[in-house]
Amino acid sequence: MDRIAVQDYQVLVLATGDTAAGAANARGHLFEEFVAQVMRELGFDRPSRRDINPTSEGIELDVALKNSFTNEVAYAECKAYATNVNAQALTSFYGKLTIERFAEPLAHGYLFVLPRLTAEGDEKARAIERSDARFHYLDSQRIVDRLIDRGMLRAPAVVLSESSVLSESSLTSDPALLVTPDGLYSCVKILDPGTRRAVRIVIWGRSTATPVPSTVMDLLAVHEYGADLPADDLSSLRETPSSVPIPDMNPPVIVTVRGSSSDFEYQFPASPKFFVGRRAIVDDLERVIEGKRGTFILNAQSGWGKSSLALKMKSMVEDRGGVAVVIDSRTAASPSFVTEALRFAAKKAAQEGLFSLPEDSSWASLTSAMGTIESAAWHGSQSLLVFFDQFENVFLDEVTTRQFRDLSLLMNDMSSALLVGFAWKTDLVGWTESHPYRLRDEIRSGSVQIIVNQMGPKDVEALLRRLEKRLKQRLARDLRQRLREYSQGLPWLFKKLSEHVIREIEDGKTQERLVNEALNVQSLFDSDLAGLQPIEQDAVRYVARFAPVSTAEVTERYDGGVIQSLLDRRLLVPVGEKLDTYWDIFRDFLNTGQIPIEESYTIGVNPQAASTVLALAVAGDGDASFADIADALGTSVGSVMNATRTLRLLGIATYEAYGVHINEAIYNSPDREQSLRRAVANTLRRHKAYSLFMKLAERQGEKVSFANYSSELSVAFPAIDAKPSTWSLYARAFALWFEYAGLAVVRDNAVWLPPEGFGGYGNLLTGERMVTGRRGGRSSQSFLDGSPGGAIRLLRETLEGAVSYRSLDRTGQKQARNLMAVGLVSMSAVGGLSPSADAFVDGEFNPAALEKGMMHLPGGTEAINLLRRNSRADTMSVGSIIKSALGADWKDVTTAKIGKDFRSWARQAGLDLPWAQMAASLESADDPRDG
């Protein structure tokens, strides 16, 4: 049920129990006694209980009553909460009362709501009372007034006028009625005349001369109302509050969020001056600001830019003439933090002329603080924004969390131009049963939610241009791409990577070397720790374990010079009187040794292409130069470097400027292939592409089509702008590496979850079985390009002896790739082409082997089946099947050309196809892969 806290005379039901449930039950029965007492004062006999439901949130009680003198009956529903109750409670009760009146037409209905209904509900209840003389609505103030009228309570105003120690000049706030096992008592908070904070509580009974039992004082001390405040029994107070020493109270420390002082200062969120892009989210913030009032939430995972957006919104409010504060919630150590934060913001607003505070300002509680802001004299229509950042730390304390919940609910009844925002990590788990889940959702239910996504390609491009300006040189195309991939669209990670690039280039490292380094957040965090002394590492890990932790506590354990050194390096940051690590992800890394951010680089080189490079490096005792490998394979140095980068990303090779150097642990392993497979599997399990595959496969019945996988990959990598055909290439490369590592199986143009015990396909060191169901080395080509005549002649040449791929001209190499694509030829590590075992039978070409190979191509089975059903199927229909299977972006002329080539190969494989129909196709224009 939605409840909204407003300033009102509070009724506190105080009781204890051995357990939380026991305490709730005790409060329930005490509340029942209190209701009976009130109803007796109204002339009714003791009520009979229909239902009672005491919880940690409040008490709900339903009773039936009768007046012995008049024989009138009544039904009462009683709700006691810390916050006011939504109008739905009124409509629900009045509907039930109407049903009861079918049997008892003259039945009275009493709705008790403590403290009261919301403004909307209150208005409706009073309207019903005017029309229905037998309906009665009693809120806390009405109940207290009746009890005062009957002499059961003494009002604060009367006590103030009679007491020799509480003069009329005393500043008081938040009067309350205490319902206790020892009876009814009253209390009020005394304010400091300067700060208007509550400094103590004064409590009294029906007689101010009668001592208050210590049990009542003890119950009040543990209630939220009396938290952190001393309580005085009025009967024993001999001095006026102004002469009683104010206790040494330390109000909560309010710290505002600090922004960065440069583009790439990653330890702090971006200041508005250095804020980039995020146009759609900024538009959402604009709409919230235009609404003037209410609550909103920035929903995002860690590192997605919530704090930077909060600072951006602060500047937007200020540009309109409003006032804004962005508060770091990590110092929220008590329930009074919420009230103090509002006081801090309101004082700033008053100083800057947004409004004038009322003379009776009170910061004694959340309700009085909100009442103070509501009663302020606003000068204009601009808003006061109070934004609570780093909010996830608040969830560790249920009482403090409840105060924030009450704040968010109260906002629904505010008419002032007050905006309250929240931001917390959405990648937290384990809340489904604990208090944060429920309280968080109550905060969320009445708030505008703004979904914060990662940066898109345009945002990253803007940051890349700023990086070039900082470096005073253009970034190499490959380095730009690597920064896009590694940063994953996360503003913080992009800034940290950029800071690393700036430092490395200023130290003399070339962009080419940076391109070939497998940068990731793990390596950057390792770099953070690399230069620390053991005592410094111990200190930063201690802070991470207990963060945010008191500075005094840390300096008691570690020398001040050690802590200062960590602050100077910005591995630690001060948060008021506490210390924390510069980023929560870094804190997680220190505590667990793991990074909650998955790897996000793309792979466009499949295992077969990498295998040929790796085999030559092994032949060179673990080392081979780019030039030597390119010469042996008859390819370019750039192609070899591209394959080598994939080997580095997968943990197989380490960086060397001249060429390929195999990881020593793998090269020296007694079982190199098994070490390779294990290294690739360990690396890919930490990759976003693998977790995406697992999520899709579990949702879609253990398999994911290549078309679906490539489409989802493009969404999972928001910072990378690529064509659908490129995402298709990435999808197939990832899938084949998954299969090699034993993480998936590729078949029927889809990626499947592997069966239990599956150890992976292929052999990187020999190039064998790199694709499921195939034998021999494979080309990265996944469709047939060109007619089969020359390729079959080349196949016959391989029967007479190995043919060197490098010795072939461009046409011959194209024919060889077609043969490798259908598994009729394999290529050794040094580029020798040999026929597969089933390519020939008794020295004659085997069409069945070709048909089998064609059916393993993407779309091959579907295309073959189409031709078997309809031998006259046109080339566009055949080509469209292949295009769809590949997720390609071909033009019609290319699609028809590929269909024509496939028909030619199908005829070579033994299908009875008419030549005339096969020839009726569009002519190819220029490059057949122009899409």
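**View 1. Thr-581 of β22 is the bridge partner of Leu-572.** This is a predicted model, where local features need pLDDT of at least 70, side-chain atom pairs count only at pLDDT 80 or more, and totals for chains, interfaces and linings use all residues. Residues are numbered from 1 along each chain as its sequence is written, and side-chain values use heavy atoms, with hydrogens and water left out. Here β21 (residues 572-575) and β22 (residues 578-581) pair up antiparallel over 4 bridges. Pairing means that DSSP finds at least two bridges between two strands. As for the names, helices (H or I, at least four residues) and strands (E, at least two) are DSSP runs, numbered from the N terminus. The hairpin has 2 residues between its strands, and Gly-576 takes a positive phi there, near 65 degrees.

**View 2. Three strands make an open sheet in the order β29-β31-β30.** The pairing is antiparallel. β29 (803-804) and β30 (825-827) sit at the edges with a single partner strand each, so one side of each has no neighbour in the sheet. Zoom in on β29 and β31 (residues 832-835): 2 bridges join this antiparallel pair, and Val-803 stands opposite Leu-833.

**View 3. Helix α14 (residues 477-487) packs on helix α15 (residues 491-506).** The angle is about 140 degrees, and the axes are 9 Å apart. Axes here are lines fitted to C-alpha atoms, for helices over the stretch in contact, and angles run from 0 to 180 degrees between N-to-C directions. That angle makes α14 oblique to α15; under 35 degrees counts as roughly parallel, over 145 as roughly antiparallel, 65 to 115 as roughly perpendicular and the rest as oblique. On the α14 side you'll find Leu-479, Leu-483, Tyr-486 and Ser-487, meeting Leu-493, Phe-494, Leu-497 and Val-501 of α15. Contact means heavy atoms within 4.5 Å. By class, that gives 7 nonpolar, 1 polar and no charged residues, where Ala, Val, Leu, Ile, Met, Phe, Trp, Tyr, Cys and Pro count as nonpolar, Asp, Glu, Lys and Arg as charged, and the others, Gly among them, as polar.

**View 4. Helices α26 (residues 672-684) and α29 (residues 724-741) cross at roughly 130 degrees.** Their axes come within 8 Å, and the angle makes α26 oblique to α29. From α26 come Glu-673, Leu-676, Arg-677, Val-680, Ala-681 and Leu-684, while α29 brings Trp-737, Phe-738, Tyr-740 and Ala-741. The class tally is 8 nonpolar, no polar and 2 charged residues.

**View 5. Leu-114 and Pro-115 are joined by a cis peptide bond.** Omega is about 5 degrees, and Pro-115 belongs to the loop between β7 (108-114) and α3 (119-131). Another cis bond runs from Ala-547 to Pro-548, with omega near -10 degrees. Look for Pro-548 in the loop between α18 (534-546) and β20 (549-550).

**View 6. Arg-278 isn't a glycine, yet has a positive phi of about 55 degrees.** The loop between β12 (231-233) and α7 (279-290) holds Arg-278, which is buried at 6% relative accessible area. Buried means under 20%, exposed over 50% and partly exposed in between (1.4 Å probe, protein chains only).

**View 7. Asp-842 is another residue other than glycine with a positive phi, near 55 degrees.** You'll find Asp-842 in the loop between β32 (840-841) and β33 (844-845). Asp-842 is exposed, with a relative accessible area of 78%.
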